[in-house]
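Student: Could you take me through one part of this model in detail? I would like a close look at how the two chains meet.

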Amino acid sequence: MGRELTFADPRIIRLVKENFVAVAADDWFQRRRKDAEGDFFRKVANQGPRKGQGGSTRQGIYTLTADGKLLQYRNHQDADIMHGFLKTSLAAWNRLPAVTRAKGSVEVAPLKAIDPRFAPTLPKGAVIVNVHARILDRQDDFYCHGTCRFPGGQRASHDHLWIRAEELRALMPANPRQGQEIAIPAKLIYRIARYHLVDNTRGEPPMWTRRDVRKADMKLMIESIDKREVRLKLMGSFLLATDADVKLAKRGYDVALLGDLRYDPERKKLTRFDIVALGGHWGQGTYTGGARLGRMPFGVAFELADPNRPADRVPPQFIREGGDYYNAER
Amino acid sequence: MLKLVVPTWAGLMLAVFALHAAEPIKPAQFEKLHALIKPQAHEEKYMQIPWLTSLWEARQQAAKEGKPILLWEMDGHPLGCV
């Protein structure tokens, strides 16, 4: 969270945009990849202090050349320090021979093979949905952004829901009728409940186990049809709790859902996937300490992502845990 | 005589959990809630930097443009939930 603030500094934004090619990566995947990209990253990291002994983290901020020379490494959140780091990195770059820095002087061949275990890719025909969670507070008869003592914990989180092609087909019937109820695949209902109705506002969250889903109710109905657009209304409610006796559950989310989904019947293309989840959340996980006390208002918003935007192609958080993301109903 | 009743922690939690299930979302509030929960522009300033998410693509672009690479590497994707 703090590093997001570092890169929000206008001096740093300007310096990076003008002088660097910026890339963000998940070290958990990157340090484990057994392919040319993983080899390249480890070669760079091994020139700095984070050599990954025993498979440990190599996280931090690196500046490097396209052929793999480490310019500098630092792992700090202070914007002044990181601004200085970028300037000295640029000075180190400028000290390299002009021929090394020239455009096209390094040849980078296409990546031939990708380690699928640690470089998950979007399945063919799947769509990406952005998922943002946020703590809320009551204000008059509505809600406002919540406040908490955890730095950055009041901001919206980011994750991505992947919906596979066969699931999309189930949501978009070939011969829609007004008032028709659409059977949402259980795989999708439980994927949303277990991996996307989570409190990830303070870091990597614990996901819900299959047993934690105490109630799962999600209905989808066709509201209107015209030549260019079919509109569907989604309604649902979930009770997610770490104990069957909700009063004893250390963590839980009692939540209602409402959604506005649309598709183009001719192109068979989903054009809107807006969902709001709103309810009371309580508890925290190992890496999400600092939760507010008691059952507090908590919302999650879903909307279609832009698949051409690199940040929207970041895999769902749950996939890195190695579980079966696509069969959450089991 | 006025008696001050101080709720115990357990009593407070029981009261909290005795609340009814989540109330249905009012359709009239849907758009407003959706916009409220999503990231606001002032929270996303770090996204003004055109981050790539492939180190290999960053190598190719850096080689082509004659620039150094800035790699933001975190345990948990920096543009994801951490």
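Predicted model: local features only at pLDDT ≥ 70, side-chain atom pairs only at ≥ 80, totals over all residues.

**Where chain B meets chain A**

Tutor: Happy to! Let's begin with the polar side of the interface: between chain B and chain A there are 31 residue pairs in polar contact, with both residues at pLDDT 80 or more.

Four elements of chain B, namely α1 (9–17), α2 (30–37), α3 (55–65) and β1 (69–74), each bring at least two residues to the side that touches chain A. Of these, α3(B) gives the most, with 10 residues. Sorted by class, this side of chain B holds 35 nonpolar, 13 polar and 14 charged residues.

Charged groups also meet across the boundary, where 5 salt bridges are found between chain B and chain A. One of them joins the side chains of A:R134 and B:E43, with an N to O distance of 2.8 Å.

Strand β2 of chain A (residues 60–64) pairs with β1(B) in the antiparallel sense, over 5 bridges. Within that pairing, A:T63 has B:L70 of β1(B) as its bridge partner.

Now for the overall extent. Interface size is often quoted as the accessible area lost when the parts come together. Here, the area buried between chain B and chain A is about 7,400 Å², and carbon and sulfur atoms give 66% of that. In residue terms, 62 residues of chain B are in contact with 98 residues of chain A.

Definitions and conventions. Residues numbered from 1 in each chain as written. Chains lettered and ligands numbered in written order. Heavy atoms only, no water. Contact = heavy atoms within 4.5 Å. Buried area = accessible area lost by both parts, 1.4 Å probe. Salt bridge = Lys/Arg side-chain N within 4 Å of Asp/Glu carboxyl O. Polar contact = N/O pair within 3.5 Å; in protein donor to acceptor, adjacent residues only side chain to side chain. Nonpolar A, V, L, I, M, F, W, Y, C, P; charged D, E, K, R; others polar. Pairing = 2+ DSSP bridges.
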